[in-house]
Amino acid sequence: MLKPIKTEEQYNNALARVYELMQADIKEGSTASDELEILSILIKEYELIHFPIPSPNPLEAIKFRLDQMGISEKELGDILGYRSRKSEILSGKRKLSLAMIRKLNEILHIPAKVLIKEY
């Protein structure tokens, strides 16, 4: 019977079992498939608590998203409505305004929670 993962030993055992299951030829809807899915959920929950990933710096998030979407820095100026401010913002010399945060959230789908962080 599967139980919540509470210790590092249980976590390591769960990882080992997931590895075993992933090496096997599992049929969808089987008991092994269900076990793999449940163990993955339990591992994810343990990792969220014990290995949290900090949210990125707003400027790093913007640059990453531009790269990810294939958008140039010139186009970022168009998105923000201030071509001349784009370089000041990306260099950290100028802070994002509320209107800029809204546009970046709407167009680039960067969470507002990330964009409002101090940098």
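Predicted model: local features only at pLDDT ≥ 70, side-chain atom pairs only at ≥ 80, totals over all residues.
Start with confidence. The mean pLDDT of the protein chain is 93. Of its residues, 100% reach 70 or more. Helix α1, residues 8-23, has the highest confidence, at a mean of 97. Helix α5, residues 83-91, has the lowest, at a mean of 84.

Now trace the fold. The protein chain holds seven helices and zero strands. Read along the sequence, the pattern is α-α-α-α-α-α-α.

Next, look at the overall dimensions. Along its principal axes, the C-alpha trace spans about 60 × 30 × 20 Å. The radius of gyration of the protein chain is 21 Å. A compact globule of 119 residues would have a value near 14 Å.

Then look at what is covered. Of the 119 residues, 26% count as buried. Here, buried means under 20% relative accessible area.

Contacts come next. Take those between residues at least 6 apart in sequence. Of these contacts, 55% join residues at least 24 apart.

Finish with charge. The protein chain carries 18 positive and 18 negative charges. How far apart are their mean positions? The mean position of the positive charges and that of the negative charges are 12 Å apart.

Key: Residues numbered from 1 in each chain as written. Heavy atoms only, no water. Helix = DSSP H or I, 4+ residues; strand = E, 2+ residues; numbered from the N terminus. Rg over C-alpha atoms; globule rule 2.2 N^0.38 Å. Buried < 20%, exposed > 50% of the residue type's maximum accessible area, 1.4 Å probe, protein only. Contact = heavy atoms within 4.5 Å. Lys, Arg positive; Asp, Glu negative; His and termini not counted. Charge placed at Lys NZ, Arg CZ, Asp CG, Glu CD. pLDDT = per-residue confidence, 0-100.
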